[in-house]
Amino acid sequence: MDAICRLPAPHLNARRFGARSLPALTDDALFETVGVRVAFTGREGGVSASPFASLNLGDHVGDDARAVDRNRALLLEALGADRLPLVVPSQVHGDAVVDVGDAAPEVVEAARAQARAGADAVAVAVPGVAALLCFADCLPVVIVSPTGRFAVVHAGWRGVVGGIATKVVRLMAERDAEEVGERAEGGFNVYVGPHICSRCFETGEDVRARFVERFGEAVCPDERHIDLFDALRRDLLDVGIVSERIVHASACTKCESEKYYSFRAEGGVCGRHGAVAFREV
Ligand SMILES: [Zn+2]
């Protein structure tokens, strides 16, 4: 099928973007192949003051709204996407997915309204629309199809147990099949950005029991900790994602709270780093 190319093996490389040298993890080979830019940001490069310093992208954490707007603009500018409309959901630890099928202004505006009402994933089928989700310990997930379709997903422990990432994979595979006549999840790339590590993610018996019931004891290294990435990975393999096409940043947000925002390390008062993706026009 001509419409489906083969994505390069996923890889996250650290890079600096734009005049302000904004640091992010990205996959340059992916961008060169299908024009999809994936970026996981950190704390550096923005204008927010302490305790949100400096590239806080979350508008619900108590930071100055003008600083957050400026940070989002700086990020898009650094990535060469400053002319693109941005969809940013109000994240609610649910499983609603905003499905953006067209870059027409009225379609994007409807998607933004749906996003504001509460959603934890944005799937985009077309060039020219950017999606941003915000994080402080939870798993940032970006999924890319060989057709150029992509999605940005927020998976905290509720999202991992609820299977939001696999719901998005199924949706993307169905949309690909409608568009080009075949499903392509075996060729999807999945990128997981910086998130809390299994040694830092300590939890109570009730949450642990839910993980054991859903994924088995193997995702719990001991009685108090859970490996969220391992649980997510198992789920992705179950819906046809290939192991070699899942890559994750080796950084832990809590262990490295000088580089990333960490809800747990900072007692709940902190900014949010971002996972952003778009396909260039
Ligand atoms: Zn850690």
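These points cover side-chain contacts and cysteines in a predicted model.

1. Salt bridges overall. The whole structure holds 21 salt bridges. One of them pairs Lys167 with Asp95, N to O at 3.5 Å. Lys167 belongs to helix α5 (residues 164-180), while Asp95 sits in the loop between β4 (86-87) and β5 (97-100), so this contact ties together parts 72 residues apart in sequence. Lys167 is partly exposed at 34% relative accessibility. Asp95 is partly exposed too, at 39%.

2. Glu217 and Arg208. Their side chains form a salt bridge at 3.1 Å, N to O. Arg208 is buried, with 6% relative accessible area. Glu217 is partly exposed, at 47%.

3. Asp230 and Arg233 meet in a salt bridge, N to O at 3.0 Å. Both residues lie in α7 (residues 228-238), three residues apart, or about one turn of the helix. Asp230 is buried at 11% relative accessibility. Arg233 is partly exposed at 24%.

4. A network with ring contacts. Salt bridges with shared partners link Arg15, Asp28 and Arg37 into one network. Arg15 also lies over the face of Phe17, 4.0 Å from the ring centre. The charged end of Arg37 sits over the ring of Phe31, at 4.1 Å from its centre.

5. Aromatic pairs. A search of the whole structure gives one.

6. Cysteines. The disulfide count is zero. For Cys134, the nearest cysteine sulfur is that of Cys270, 11 Å away. For Cys270, the nearest cysteine sulfur is that of Cys138, at 10 Å. Cys134 is buried at 6% relative accessibility, and Cys270 is buried at 1%.

Methods: Residues are numbered from 1 along each chain as its sequence is written. This is a predicted model: local features need pLDDT of at least 70, side-chain atom pairs count only at pLDDT 80 or more; totals for chains, interfaces and linings use all residues. Side-chain values use heavy atoms; hydrogens and water are left out. Rings of Phe, Tyr and Trp (its six-membered ring) pair if their centres lie within 6.5 Å; planes under 30 degrees apart count as stacked, over 60 as edge-to-face and the rest as tilted. A charge sits over a ring if NZ of Lys or CZ of Arg is within 6 Å of the ring centre and within 35 degrees of the ring normal. A disulfide is a pair of cysteine sulfur atoms within 2.5 Å. Buried means under 20% relative accessible area, exposed over 50%, partly exposed in between (1.4 Å probe, protein chains only). A salt bridge is a side-chain nitrogen of Lys or Arg within 4 Å of a carboxyl oxygen of Asp or Glu. Helices (H or I, at least four residues) and strands (E, at least two) are DSSP runs, numbered from the N terminus.
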